[in-house]
Amino acid sequence: SMIRLILAFALCVVSLHAQIPGVTLPPANDGKLRIIAFGAHPDDCEIQVAGAAALWAKAGHHVLFVSVTNGDIGHWREAGGPLARRRKAEVDEAHRILGIQGVVLDNHDGELEPTLENRRTLTRLIRQWNADLVLGSRYDGGVRVINWPLDRLLLSIFAARYVQAITGMPISDPTGGFKCFHRRALSSIGL
């Protein structure tokens, strides 16, 4: 019926303009890039992407860092809520200094699963941010990859060795992660 169609349309409009908790969405069509970076823990993006993020922010572009877990384990002295709160405070301060925004999702460190719900959450963040550039990581050397079929694992190993041979990079996983750059994202910082 017409009422259901109107309600469905209204729901779509509301979801398109849904707010990311704790984040101010940039104005639409302001001519600036929207960059979103994902890291497994609070401090991953801040360590790996902070330099470029600072340059983008200085140029007026919009940058959002997302920590996919809350970082509540992995410290020699602290764990649980106190560690998660400390790490959140640290990245909040880093975001303030960099002139960017950030979100720490409330998933326990070491317990994140590739569920449909988690994939939908990340997709929703990318769509709500309306990202021009998406950055993320996969794993670093020494970390075991779980549930990859043999052909995917062999492809990853071959690609890593190929990149190392061509570039001479002494990095254990030069193909790690995903980086989706739009040309204007790189040119905005002189690359």
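**View A. Glu93 is partly exposed, with a relative accessible area of 36%.** Partly exposed falls between buried (under 20% relative accessible area) and exposed (over 50%), using a 1.4 Å probe and protein chains only. This is a predicted model, so local features need pLDDT of at least 70 and side-chain atom pairs pLDDT 80 or more, while totals for chains, interfaces and linings use all residues. Residues are numbered from 1 along each chain as its sequence is written, and side-chain values use heavy atoms, leaving out hydrogens and water. Glu93 pairs up with Arg96 in a salt bridge, 2.6 Å from N to O; the term means a side-chain nitrogen of Lys or Arg within 4 Å of a carboxyl oxygen of Asp or Glu. Both residues sit in helix H4, three residues apart, or about one turn of the helix. Arg96 is exposed, at 56% relative accessible area.

View B. In the Arg86–Glu78 salt bridge, the closest N and O atoms are 2.3 Å apart. Arg86 is partly exposed at 28% relative accessibility, while Glu78 counts as buried at 19%.

**View C. Asp43 and Arg87 meet side chain to side chain in a salt bridge, 3.4 Å from N to O.** Asp43 is in the loop between strand S1 (34-39) and H2, and Arg87 is in helix H4 (residues 80-98), so this pair ties together parts that are 44 residues apart in sequence. Helices (H or I, at least four residues) and strands (E, at least two) are DSSP runs, numbered from the N terminus. Arg87 is buried, with 12% relative accessibility, and Asp43 is partly exposed at 27%.

**View D. Glu46, in helix H2 (residues 44-48), is buried yet has no salt bridge.** The nearest side chain of opposite charge is Arg87, 7.9 Å away; for charge, Lys and Arg count as positive, Asp and Glu as negative, and His and the chain ends don't count. What Glu46's side chain does reach is the backbone nitrogen of Asp43, at 3.0 Å. Setting aside neighbours within four places in sequence, Glu46 is in contact (heavy atoms within 4.5 Å) with Phe65, Val91, Ala94 and His95.

**View E. Residues 5-17 have pLDDT under 50 throughout.** pLDDT is the predictor's per-residue confidence, from 0 to 100. The model gives this stretch one contact beyond four places in sequence. For the protein chain, mean pLDDT is 79, and 72% of residues reach 70 or more.

Notes. Polar contact = N/O pair within 3.5 Å; in protein donor to acceptor, adjacent residues only side chain to side chain.
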